Amino acid sequence: MNVHPRALRLAAAAMLALPTALAAQGTPLRVPFVIDTLPNGLTLIVHEDHSVPTVTTNVWYHVGSGDEKVGRTGFAHLFEHLMFMGSQNAPYPQFDRLLEAAGANNNGSTNPDRTNYYEEGPAGALPLMLWLEADRLGWMLETMDEPKVDLQRDVVKNERRQSYENQPYGLAFENLVTAIYPAGHPYSWSTIGSMADLSAASLDDVKDFFRTYYAPNNATIVVAGAVRADSVKALVRQMFSEIPRGPAITRPTPAPFTLRDTVIVLQDRVQLPRVYLAWHGVREYSADDAALDIASYVLSGARNSRLTQALVFNSELATGVNAFNASKRLDGDFMVIATARPGHALDTLKTVIDAELRRLAASGPTAREIEQAKNAIEAQFLNRLEFASAKADQLNSYHYATGQPDFFQRDLDRYRAVTAADVQRVVRDYLLRSRVTLSVVPQGRIELAATRGVVQ
Amino acid sequence: MTRRLELLARAALVAASLTPAALSAQAGAFDRSRPPALAPAPALTVPTVRTARLDNGVGIRVVEHRELPLVHVTLQIAGGGRLDRDTPGLTSFVATMIREGAGARDANALQSELAFLGAALNAGADWDNTSITLRVARRNLEPALDLMADVVLRPLFNAADVRRQRDLRLAGLLQQKDQPRALASLAFNTLLFPDGHPYHRPLGGDSASTAQLDSAMVRNFHAGTFRPGRATFTVVGDLGDTEARALLGQRFGSWPASGPERTPAPVLVQPTRNQARNVVLVDKPGAAQSVIMIGAPGVERTSPDFAAIQVMNTILGGSFSSRLNSNLRETKGYTYGANSGFQWRPLPGAFVASSDVRTNVTDSSLVEFFGEMNRIRDSLVAPDELARAKAYLRLGIPGDLESTAQIAGQVTALAAFNLPLTWLQEYVARVDAVTVEDVQRVARRFIPVATPTVVVVGDLEKIRPGIEALNLGQITTMAVAEIAKE
């Protein structure tokens with residue numbers, strides 16, 4: 001009943017992607033793979049999993065909303081939509097029709113760092129999946145025209161209306177990223193983009209973007225499922241080899257910055273006020289990344305976590321609270337979000353949050369808290385390994401971030417190594433600093449908003 | 001620049017043609033102009049389900065699935081939201097409360113212990129069942145099952161915890177007023193299922209019913225409902241059926257039943273069958289989009305037309321390439337997505353076609369919805385549309401049986417209608433047999449065009465004149481306060 005294809009996923013909302021308790025039994029966790037690099041630069045990673053007769057194809061293009069130009073926010077995601085509008089040998093609407101006729105599903109998503117595309121279906125549909133992916137990489141531009149751009153521009157604007165403008169609190173995140181990151185920083189705009197910039201996107205922009213970023217040397221394909229690695233390699237070489245290498249790509253290199261204390265108030269059609277506290281965080285896989293993930297669990301990961309206890313169950317000031325570490329490829333941020341129960345102003349919630357942050361910075365988490373966090377994080381990841389599609393996306397993710405597709409055990413080790421002192425230190429070093437305080441309050445209720453004030 | 005790229009392309013081709021892999025795939029002979037053939041899909045195999053029953057009546061189903069050292073346990077307590085009777089939301093509230101402390105542990109100690117074991121224990125209710133699920137690594141199954149037994153058999157239901165969860169739920173109900181889609185669903189259900197029908201009031205209750213909840217009600221409900229004769233376990237994962245039976249027998253074998261059993265209210269009213277189109281508008285001033293829901297009473301899950309209905313709906317609005325999505329999203333650009341579906345419940349649910357559309361094309365979108373619903377009734381679908389829909393349904397089944405949770409989900413969903421997992425194999429055959437005439441027949445019978453209920457939530461000042469001009473039928477309005485009562 002619910003069809004949400006080509007849905008936008010923001011990295012800010014990403015869950016912890018962490019490894020498994022398998023290693024607790026003394027067996028290092030391994031996701032075996034075969035890797036092949038074509039002369040045109042395309043990388044193929046194959047993981048065999050014969051548990052069910054299905055296969056998934058997962059393509060990452062190393063381009064995201066962070067690569068957009070000023071005045072063209074939302075373009076990487078708009079482009080993602082255009083990738084489904086047909087190519088020379090599979091004209092519109094064959095992409096979806098052929099896959100459905102094969103019993104397969106497909107979708108794509110865009111975040112600040114990358115765009116992915118995937119198909120899932122019966123193993124016998126793999127040649128079709130690869131053929132469609134090859135055709136839109138090698139033979140799409142000739143078929144692109146203004147009506148296609150105009151149509152998907154409308155669809156994406158509708159997506160913005162549905163997922164942001166018509167959602168309570170829906171505009172908070174784009175205001176937050178603009179406040180956290182300095183003007184011009186790749187993460188200072190939202191992936192969905194602004195209506196004005198979506199309107200401005202032209203067919204020439206589409207062509208330029210395609211020629212720059214949609215090249216085999218900027219893509220990695222993971223195939224996971226009930227297939228044989230050697231025949232997948234042969235198929236991929238057969239279908240992709242004649243697509244020429246693209247030009248070298250210049251990546252954004254944002255300058256370091258210091259976040260300044262900022263207070264923002266938005267009025268929205270909401271019943272209950274909500275406060276967002278956001279700090280400058282770290283790059284993914286950097287030294288303090290795992291400790292910040294553990295800190296977010298200690299703050300709000302479970303019923304007995306500190307902020308949940310303090311705000312939802314003890315003081316009963318909030319309906320819910322969520323802390324998360326949004327580390328990304330180039331930089332990161334850390335957020336705490338809490339919604340007030342009826343009758344409470346956001347400054348009251350902020351005072352409780354600050355007291356808990358100070359307490360954690362002063363004496364750190366208990367050994368039991370750390371152990372609970374690590375076990376919960378490991379279990380979440382073991383659950384994800386049940387799905388070939390989740391493994392495929394993770395192999396692509398690890399490969400892009402670390403150069404090693406099978407980084408599962410190493411990733412687990414990062415969390416294993418975190419100590420109570422590490423958590424105490426990262427709370428002190430990152431969360432007792434300048435921050436963005438954003439309040440969303442009901443129309444006309446500005447007195448409920450949180451006021452200026454850093455944690456003392 | 002261009003020339004250099006051409007040279008590189010040629011170099012790539014030469015290199016590729018020299019690799020043994022490319023040779024084995026006959027790179028030279030590859031014809032890119034047509035899609036590769038699909039390898040035939042193997043006949044559908046489904047996991048074996050072994051069933052047993054404890055002496056006190058507890059049912060057990062076990063699927064041995066040893067891919068990962070994981071176990072997924074689902075306990076279903078028969079009844080579900082239809083047991084709410086005069087207190088809408090009570091069944092789902094009890095499902096919340098059993099996790100708020102049990103046995104010797106208060107809520108925090110319980111959650112801490114579960115997380116410590118890497119276990120996830122959740123509970124919820126639908127219209128048929130309360131379901132408690134446990135996911136845990138095999139090596140921690142025994143201590144996690146001990147906690148699950150506490151939760152099911154020995155919940156604390158402390159008055160202070162009941163009050164706290166009740167207040168949280170009231171705040172959540174208040175927030176429904178902000179959500180156009182939630183408002184549309186609430187209004188639609190109220191209209192389609194009249195007062196006295198079990199589906200009239202929401203599964204999660206309303207503010208009035210929630211305000212009454214106290215620990216005595218929760219205790220009584222638990223005693224009358226959580227009983228061995230109504231309990232069935234589905235265990236999927238890294239253990240055999242003998243082992244599973246023993247582990248469950250130790251913890252649930254002496255589960256007693258005492259006192260009166262809670263039963264659903266008799267169904268005295270039927271879903272609303274309109275004499276004409278019933279158009280109901282809900283005002284959300286300033287809304288960026290309008291939420292449209294068009295529907296009518298649906299059909300029994302046990303209908304012999306089930307497979308034909310699924311095929312028909314896949315063509316109408318059940319897939320990305322469906323007519324509704326192709327028209328409203330991909331051709332007109334009115335929406336991010338449009339779809340349709342049948343609710344399959346023990347009592348017939350509804351058929352609903354739905355979309356969130358741009359405010360200034362609300363009337364045009366309604367025209368397209370009715371146009372597509374008429375078209376699938378009035379003319380035969382194309383043979384390639386039929387073939388695509390059948391393949392999509394049939395070939396997608398193995399992908400729904402990949403994880404332990406998916407297998408448990410399929411087993412329990414079918415069991416709600418007394419069907420075994422092997423029914424999926426029959427379903428494949430039934431889908432294969434559907435003809436274009438069948439599609440038209442079930443469309444005419446179940447797709448409402450003359451008498452549906454139509455709910456639109458949006459900015460009425462902007463959308464009402466256009467909707468009136470369509471002359472769909474009588475138009476009334478419902479206030480937000482009437483839908484999400486305080």
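Modeller: A crossing is right-handed if the near helix is turned clockwise from the far one by less than a right angle, and left-handed if anticlockwise. In this predicted model, local features need pLDDT of at least 70 and side-chain atom pairs 80 or more, while totals for chains, interfaces and linings use all residues. Residues are numbered from 1 along each chain as its sequence is written, with chains lettered from A and ligands numbered from 1 in written order.

In chain A, helix H3 (residues 126–138) packs on helix H8 (residues 229–240) at about 30 degrees, with the axes 9 Å apart (helices are DSSP runs of H or I, at least four residues, and strands runs of E, at least two, numbered from the N terminus; axes are fitted to C-alpha atoms over the stretch in contact, and angles run from 0 to 180 degrees between N-to-C directions). H3(A) is therefore roughly parallel to H8(A) (under 35 degrees), and the crossing is right-handed. H3(A) contributes A:Pro127, A:Leu130, A:Trp131 and A:Ala134, and H8(A) contributes A:Leu235, A:Val236, A:Met239 and A:Phe240 (contact: C-beta atoms, placed from the backbone, within 7 Å). These contact residues divide into eight nonpolar, no polar and no charged (nonpolar: Ala, Val, Leu, Ile, Met, Phe, Trp, Tyr, Cys, Pro; charged: Asp, Glu, Lys, Arg; polar: the others, Gly among them).

Between the chains, 81 residues of chain B contact 74 of chain A. Helix H1 (residues 2–18) of chain B supplies the largest share of the chain B side, eight residues. That side has 42 nonpolar, 24 polar and 15 charged residues.

Terms used: Parallel < 35°, antiparallel > 145°, perpendicular 65-115°, else oblique. Contact = placed C-beta atoms within 7 Å.
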